[in-house]
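Please read it alongside the sequence and the structure.

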Amino acid sequence: MITYYDDRSVQVTSTTVSVDGRSYKLADITMIWHRRGTRSWRVLVGRGAIGAALAGPLVAAVLGIAVAVWLHRSPTVTIAIVGASVLVGLAVGPVADFLFEHLDRSYARGSRQLEIWARWRGQPVRLLRTGDALRFGQIYRAVQRAVEHSQPAHPVTRR
């Protein structure tokens, strides 16, 4: 038996596809396809919040410098305001790596619900629904390979 994919809730082998305790024999699967849902506003708002968190200190620094120049105060006060503004702007540096990592993971997970469907014993069955695009791709490809290798006489039809 060949294992194409295995995690805590999904196992794809050369004989079966098991998802959350339900098993489907590959011999009974005649077709597989996938569907994409609508975009998640929650994910998109989260990405926007990360962008704002990255830009916020930089905007504050620029505004602080502009205010310091506009006020026409003594050189000591101006230098203090500009110095504080620069420090605020530099604060984005250590945080940027952390925020970019979260942004990168957000794109890897995707912003849509993705579903894998199969025609099993003549009936359409949803095998999996997930919002994790990376995991979805791995599982979908594993199911495709398993079905292709289990039924060489019957090619898999994709929609």
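Contact here means heavy atoms within 4.5 Å. The model is predicted. The points below take the nonpolar cores, then the pocket.

**Nonpolar cores**

- In soluble globular proteins, nonpolar side chains tend to be buried together.
- The largest nonpolar core here consists of 24 residues, and Val 12, Val 17 and Ile 29 have the most contacts inside it.
- Two or more residues each come to this core from the strands E1 (3–6), E2 (10–13), E3 (16–19), E5 (29–39), E6 and E7 (123–130), and from helix H4 (133–150).
- H4 is the main contributor to this core, giving seven residues.
- Leaving aside residues up to four places away in sequence, Val 17 is in contact with Gln 11, Val 12, Arg 22, Ser 23, Tyr 24, Leu 26, Ile 29, Leu 127 and Val 143.
- A second core, separate and of five residues, has Ile 50, Leu 54, Ala 96 and Leu 99 among its members.

**Largest pocket**

- The largest pocket holds about 220 Å³ of space.
- Its lining has 13 residues, of which Arg 42, Val 43, Ser 106, Arg 109 and Gly 110 are the closest to the pocket centre.
- Helix H1 (41–71), helix H3 (92–109) and strand E6 (112–120) each give two or more residues to the lining.
- H1 supplies the largest share of the lining, five residues.
- By residue class, the lining has seven polar, four charged and two nonpolar residues.
- The pocket lies between domain 1 (1–36 + 111–148) and domain 2 (46–106), because both domains give residues to its lining.

Note on methods: Residues numbered from 1 in each chain as written. Predicted model: local features only at pLDDT ≥ 70, side-chain atom pairs only at ≥ 80, totals over all residues. Heavy atoms only, no water. 1 Å grid on protein atoms, 1.4 Å probe; cavity = no way out; pocket = protein on both sides within 12 Å on 5 of 7 lines; lining within 4 Å. Points joined across faces, edges and corners; volume = space filled by probe spheres on them. Helix = DSSP H or I, 4+ residues; strand = E, 2+ residues; numbered from the N terminus. Nonpolar A, V, L, I, M, F, W, Y, C, P; charged D, E, K, R; others polar. Domains from an automatic or database assignment. Core = buried A, V, L, I, M, F, W, Y, C linked by side-chain atoms within 4.5 Å. Buried < 20%, exposed > 50% of the residue type's maximum accessible area, 1.4 Å probe, protein only.
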